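Work through these exercises with the structure open beside you. Try each task before you read its solution.

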Amino acid sequence: MTAIPGTPKVARLSTALPFWLSLGLVPLAIFAAIYGGWTIALLPISTWYLFTGLDYVVGKNTENPDLDTPEDQLIWYRLITLLWTPVQLITIFGIMGYVVQSGHLHWVEEWALFAALGVLSGTVGIVYAHELMHQKPKSERWMADILLASVLYSHFRSEHLLVHHRYIGTPRDPVTARYGESFYRFFPRVLYQSLVSSFKAEKGMLARKNLPWFHHSNPFWLYVGLQGGFIALSYLIGGWWGVFLFSVQAFWAVFQLELVDYVEHYGLTRKHLGGGKYEHVLPRHSWNATQQASNWLLINLQRHSDHHYKPNRRFPLLQTYSDDEAPQLPHGYPLMTMMALFPTLWRKTMNPRVKEWRERYYPEIEDWGPYKTASNPMPR
């Protein structure tokens with residue numbers, strides 16, 4: 001896909017500024033930590049509900065940026081992802097130290113506050129880590145590892161790069177939600193299977209170098225070290241209660257991530273070509289969304305069809321696709337993830353769209369039963 005003629009260059013500060021809206025969540029977190037009570041609800045409200053409303057006010061953006069934009073002109077986009085790592089760490093551990101030492105909040109309020117911070121680190125932090133882990137500079141990949149360790153989900157890097165991108169839309173990808181599978185079945189399944197599959201992928205890479213799984217180059221040692229360091233820091237700040245609060249934040253961040261994962265590929269599969277091979281990944285194998293405001297919050301993650309088609313493309317250059325090229329979500333991720341929490345509503349909304357997708361792209365496949373679950377092989 002090429003840029004639409006006449007589309008402005010993306011290398012303008014004014015064009016990049018809307019993606020900096022996520023920084024506005026930090027003052028809200030501090031405000032909630034100071035006052036507690038109902039103010040804690042401002043964080044989930046400002047992500048799930050506010051940006052859903054903004055999507056309907058701002059509308060959709062179907063323009064494609066100029067792919068010839070030089071990398072050095074993307075500095076205003078890259079800068080927000082680079083700044084977020086220290087901002088998130090200071091916010092989480094600064095607030096932890098403040099509430100634990102002041103003792104002005106009830107323990108229930110502290111729990112709710114760190115659950116709300118998990119929405120922040122999941123909605124923004126993990127999304128930024130996802131962007132950073134795909135880039136070539138080691139400094140950016142290190143920041144991705146730090147962000148993922150801060151939510152105790154470091155193996156996501158190995159799973160995403162070595163498993164998900166390779167096996168998307170096949171039974172070997174734990175993160176591809178199966179047709180008819182509710183989020184409440186998907187979530188515990190993916191927690192276990194993604195950990196196992198990511199470790200096996202790293203173990204397999206070491207085996208091809210004639211190295212054992214416990215070799216020091218296995219990134220799982222780094223994952224354990226970083227996560228252990230954050231747990232130790234939490235203990236130093238707030239004792240076991242600090243560790244608990246940190247874990248609450250991490251759980252809800254991962255919960256938020258997997259809600260998004262559930263939405264991104266629900267029911268979409270790649271055709272099996274025989275001999276264990278599948279068709280190449282195409283834009284049709286991810287749900288696309290053009291809602292502009294939620295793409296500001298999620299740095300164009302909703303242009304997911306293009307991300308899987310060109311994984312190393314930086315977020316300001318991601319392309320969007322028409323209905324003929326990629327399946328379209330009816331709403332942006334904030335609203336879609338809320339709908340995913342209600343299985344009946346989700347199936348009523350999405351199952352007809354999956355069936356339409358099947359008829360459009362794979363009319364020759366009559367029996368879709370084998371495509372439904374992770375345990376069954378694809379048709380041969």
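**Exercise 1.** Is Asn 210 buried, partly exposed or exposed?

Solution. Start with the cut-offs: buried means under 20% relative accessible area, exposed over 50%, and partly exposed in between (1.4 Å probe, protein chains only). Accessible areas come from the Shrake-Rupley method with a 1.4 Å probe, and for residues only the protein chains shown count as cover. Asn 210 has 71% relative accessibility, so it counts as exposed. Now place it: Asn 210 is in the loop between α8 (183–207) and α9 (219–265). Helices (H or I, at least four residues) and strands (E, at least two) are DSSP runs, numbered from the N terminus.

Two notes before you go on. This is a predicted model: local features need pLDDT of at least 70, side-chain atom pairs count only at pLDDT 80 or more, and totals for chains, interfaces and linings use all residues. Residues are numbered from 1 along each chain as its sequence is written, and side-chain values use heavy atoms, with hydrogens and water left out.

**Exercise 2.** What is the mean pLDDT of the protein, and over which residues is it below 50?

Solution. pLDDT is the predictor's confidence in each residue, from 0 to 100. The mean is 91, and 94% of the residues reach 70 or more. Residues 1–6 have pLDDT below 50, and this stretch has 16 contacts in the model beyond near neighbours in sequence. A contact means heavy atoms within 4.5 Å. Residues 373–380 also stay under 50, with 20 contacts beyond four places in sequence.

**Exercise 3.** Find the phi of Asn 210 and of Leu 152.

Solution. Most residues other than glycine have a negative phi. For Asn 210, phi is near 60°, a positive value. For Leu 152, phi is near 55°, also positive. Leu 152 sits in the loop between α6 and α7. Its relative accessible area is 24%, so Leu 152 is partly exposed.

**Exercise 4.** Which residues does Ser 150 contact, leaving aside its neighbours within four places in sequence?

Solution. First locate Ser 150: it is in the loop between α6 and α7 (156–167). Next check its cover: with 0% relative accessibility, Ser 150 counts as buried. Then list the partners: Gln 88, Leu 89, Phe 230, Phe 246 and Gln 249. Finally, take a distance from C-alpha to C-alpha: Ser 150 and Ala 293 are 26 Å apart in space and 143 residues apart in sequence.

**Exercise 5.** How many salt bridges does the structure hold, and which parts does the pair Glu 140 and Arg 314 tie together?

Solution. A salt bridge is a side-chain nitrogen of Lys or Arg within 4 Å of a carboxyl oxygen of Asp or Glu. The structure holds seven. One of them joins Glu 140 to Arg 314, with the closest N and O atoms 2.9 Å apart. Glu 140 lies in helix α6 (residues 138–149), and Arg 314 in the loop between α11 (304–309) and α12 (333–340), so the pair ties together parts that are 174 residues apart in sequence. Both residues, Glu 140 and Arg 314, are buried.

Look at two further pairs. Glu 181 and Arg 189 form a salt bridge at 2.7 Å between the closest N and O atoms, and both of these residues are buried. Asp 306 and Arg 313 meet at 2.8 Å, N to O; each of the two is buried. Shared partners join Glu 71, Arg 78, Glu 140 and Arg 314 into one salt-bridge network.

**Exercise 6.** Which backbone nitrogen does the side chain of Asp 66 reach?

Solution. Asp 66 is in the loop between α3 (42–58) and α4. Its relative accessible area is 17%, so Asp 66 is buried. Its side chain reaches the backbone nitrogen of Asp 68 at 2.9 Å.

**Exercise 7.** Which residues make the nonpolar surface patch of about 670 Å², and which helix gives the most to it?

Solution. Patches are made of residues with over 30% relative accessible area and no salt bridge; like charges are joined within 9 Å, nonpolar side chains (Val, Leu, Ile, Met, Phe, Trp, Tyr) within 5 Å. The members here are Ile 30, Phe 31, Ile 34, Tyr 35, Trp 38 and Tyr 98. Helix α2 (residues 25–35) gives the most, with four residues. Tyr 98 lies in helix α4 (residues 75–102). Its relative accessibility is 36%, so Tyr 98 counts as partly exposed.

How values were computed
Polar contact = N/O pair within 3.5 Å; in protein donor to acceptor, adjacent residues only side chain to side chain.
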